[in-house]
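Hi everyone, thanks for coming. Let me put the structure up on the screen, and then we can walk through a few parts of it together.

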Amino acid sequence: MENCSWFHLAFISLTLFFFFYTYLNYPVPKIVFSGCSKPWCNSIFTKFHSISRAQITQTSIDHLTETPNHPLDPLTVQEINRVNSILSFYEPILYSFASIHSLSLDEPDKDSVLNWKQGDPLPPRKAYVIALQDRQTHALTIDLDSGLVATHEIITSVSGYPMLSVEDTEIAAQVAMSYPELNVSASARGVSFSDLSCATPSPGWFGDNEEGRRIIKVQCFSIKDTVNYFMRPLEGLTITVDIDRREVVKFSDTGRDIPVPKATNTDYRYTPGQESGDDPIESINPISMEQPKGPSFRIENGHMVKWGNWVFHLKADQRAGMVISRAMVRDSESGVFRSVMYKGFASELFVPYMDPDENWYFKSYMDAGEFGLGATSMSLIPLNDCPRYAQYMDGVFVSADGRPYVRPNMICLFERYAGDVSWRHWEIPLQVRESRPKVTLVARMTASVGNYDYIFDWEFQTDGLIHVTVSLSGMLMVKGTPYENVNDIPNHEAMSSPLVSENVIGVVHDHYVTFYLDMDIDDTNNSFVNVHFVKEQTSPGESPRKSYLRAKRHTAKTEEDGKIKFKLYDPSEFHIVNPSRKSRLGNPAGYKVVPNANSASLLDHDDPPQLRGAFTNNQIWVTPYNRSEQWAGGLLVDQSKGDDTLAVWSQSFN
């Protein structure tokens, strides 16, 4: 694979540990990943401040008249409506009975995008639709210029169903709430039916008995006296619902002897009265960075971002959430913009819980492929989610009936200065002193997937570094227990999950975030280099030193070479270089990829959750470019068997 133009795609896996946080900065161009999984490590206290409309800067796009200006611009409201009109007359699908689970831009071929210049006509605009009808998954490509369906495939080659829609989860909850046994079971626990709130965990895939039907699990909580119903589970109660047939296929009720945890001290909301407390942390005053001359960045034509020496395309996506494309940095010597990355986004999030109990074993979420990071995104709150004078970008998505809707203020852009130093040096003999502040540009979005909120930041620095951070906020998913104190638990030291409150266990779990990075350093002729550090012994009498480290560089020639497992005592650096672009010293242009906060899954590789999440078997995967292989968990993730994952593609290629 050395010096091959088709070898420039990397999947980077980031693990958000349960009870772990780390953050690193590096002084040379590279891409850095870090993460946090503790609800309090992103923001200890949130105070809501008043804000005027003048302090909110939006992109001022009229979505009813918006037109695309770039080959990668997302579909507009008008284009989505045109897709609906075309499909309504397409006889092979009874459109009024079909359910739309994805409707997005079918991006042009990469060469077309790379050759396109501002002012050129746009490549043909196409839409890619994934629809369900009669439990069959239809994939269609619609040519918007001709008004015709260009391709139509019923997907049977791989298992699974498309991303769950909001309508799917609503149907499942309604079916469960209508099931008479639910009221009986709730009453037996002392919970009024009117105080129930039900959530819809995905079912995973655990055998042939789940074949031929699209199911979802439903579990319920008490909302009495608290908004934090996740802390009040009706433990041992799980309802399995067939979404398409709208019927309950299994009712499991094994926990009536487990009390519903109390609502005391579960409300997480900040209230003004807390500010008068004696705790000094509660009295921290608001902080706001001022920009008297306004921000230094600008958004052109709705999606092109220009700041300092950076330019990139930014858009919202219903599955990935936020997509960065065509990222380029200006050469300080020539003034020419040089390509860094063609496309980057969060490809999948694998969240396996570690409890084999009947009501927990299936909890092994794929948050992007099952629920959608864009679909679960929320409008950002000015001055809390984003600072003053941030600029906001909307997302345009589709509901199950194919109609477009707008997620306002889904992404924000802002400059960040936290008092950090970008560069400094004091040369005492020459009395030369210089210090430069570290100002960066951040593109941010959040996704509220059930009990957790993910905060995604893509941070661009003037030295060419891209720093990607994923933080977590929200609530733990907890398990009810009869015990109120660890001293009441037999052999409590052997417990793998801790008691976090009375009658509540915090079940241990991981969050594996896998990023798709299509790196194009200068152009598409990129190679992956493993810079392996090895210990060398000195010869007798050679030096007072006994040993030293030496770098051995290995350029990947096969996909097997591009599968990387981290080892603490066998360190490496990972470079993506363009061997045809050399510096004046003869070194190839390149970036260093630095995955951070990683761990390996300890699940058996043939365990059903790990089969689906097999892309976590390595921390880095480098594969040939294939535009159809962008989702690490496969195109169809819901109830998939793991037969269309990154691990499968990589194995089949070799």
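**A walk from a hairpin to the salt bridges**

Let's begin with a pair of strands: strand 7, residues 136–143, is joined to strand 8 by 6 bridges, and the two run antiparallel. Before I go on, please keep in mind that this is a predicted model.

Which residues face each other across this pair? Leu140 has His152 of strand 8 as its bridge partner. Further along, Ile142 stands opposite Val149 in strand 8. The two strands make a hairpin, and 4 residues sit between them. If you look into that turn, you will find Gly147, which has a positive phi of about 75°.

Next, the cysteines. How many disulfides does a search of the whole structure find? There are 2.

One of them joins Cys198 to Cys220, with 2.1 Å from S to S. It links distant parts of the chain: Cys198 is in strand 9 (residues 196–199) and Cys220 is in strand 10 (residues 215–222), 22 residues apart. The link of Cys198 and Cys220 is right-handed, with 90° about the S-S bond. Are these two cysteines buried or exposed? Buried is the word we use for a relative accessible area under 20%. Cys198 has 18% relative accessibility, so Cys198 counts as buried. Cys220 has a relative accessible area of 2%, so Cys220 is buried too.

The other disulfide is formed by Cys386 and Cys412, and their sulfur atoms are also 2.1 Å apart. Cys386 lies in the loop between helix 5 (367–371) and strand 19 (391–398), while Cys412 lies in strand 20 (residues 404–416), so this pair ties together parts that are 26 residues apart in sequence. The link of Cys386 and Cys412 is left-handed, with -90° about the S-S bond. Both of these cysteines, Cys386 and Cys412, are buried.

Let's turn to charged side chains. How many salt bridges does the structure hold? It holds 34, and I have picked out some for you.

Take Glu370 and Arg612, which form a salt bridge with their closest N and O atoms 3.1 Å apart. Glu370 is in helix 5 and Arg612 is in helix 6 (residues 608–612), so the pair ties together parts that are 242 residues apart in sequence. Both Glu370 and Arg612 are buried.

Then there is the salt bridge where the side chains of Glu459 and Arg416 meet, at 3.4 Å from N to O. Since Glu459 lies in strand 24 (residues 452–460) and Arg416 in strand 20, this pair ties together parts that are 43 residues apart in sequence. Glu459 is buried, with a relative accessible area of 5%, whereas Arg416 is partly exposed at 26%.

Another salt bridge is formed by Glu300 with Lys306, and here the closest N and O atoms are 3.0 Å apart. Glu300 counts as partly exposed at 25% relative accessibility, and Lys306 is partly exposed as well, with a relative accessible area of 28%.

One last stop: Glu167, in helix 3 (residues 166–177). Glu167 is partly exposed, with a relative accessible area of 30%. Which residues is Glu167 in contact with, leaving aside its neighbours within four places in sequence? Ser399 and Ala400. Glu167 and Asp401 are 234 residues apart in sequence, and in space they are 9.4 Å apart, C-alpha to C-alpha.

How values were computed:
Residues numbered from 1 in each chain as written. Predicted model: local features only at pLDDT ≥ 70, side-chain atom pairs only at ≥ 80, totals over all residues. Heavy atoms only, no water. Pairing = 2+ DSSP bridges. Disulfide = S-S within 2.5 Å. Buried < 20%, exposed > 50% of the residue type's maximum accessible area, 1.4 Å probe, protein only. Salt bridge = Lys/Arg side-chain N within 4 Å of Asp/Glu carboxyl O. Contact = heavy atoms within 4.5 Å.
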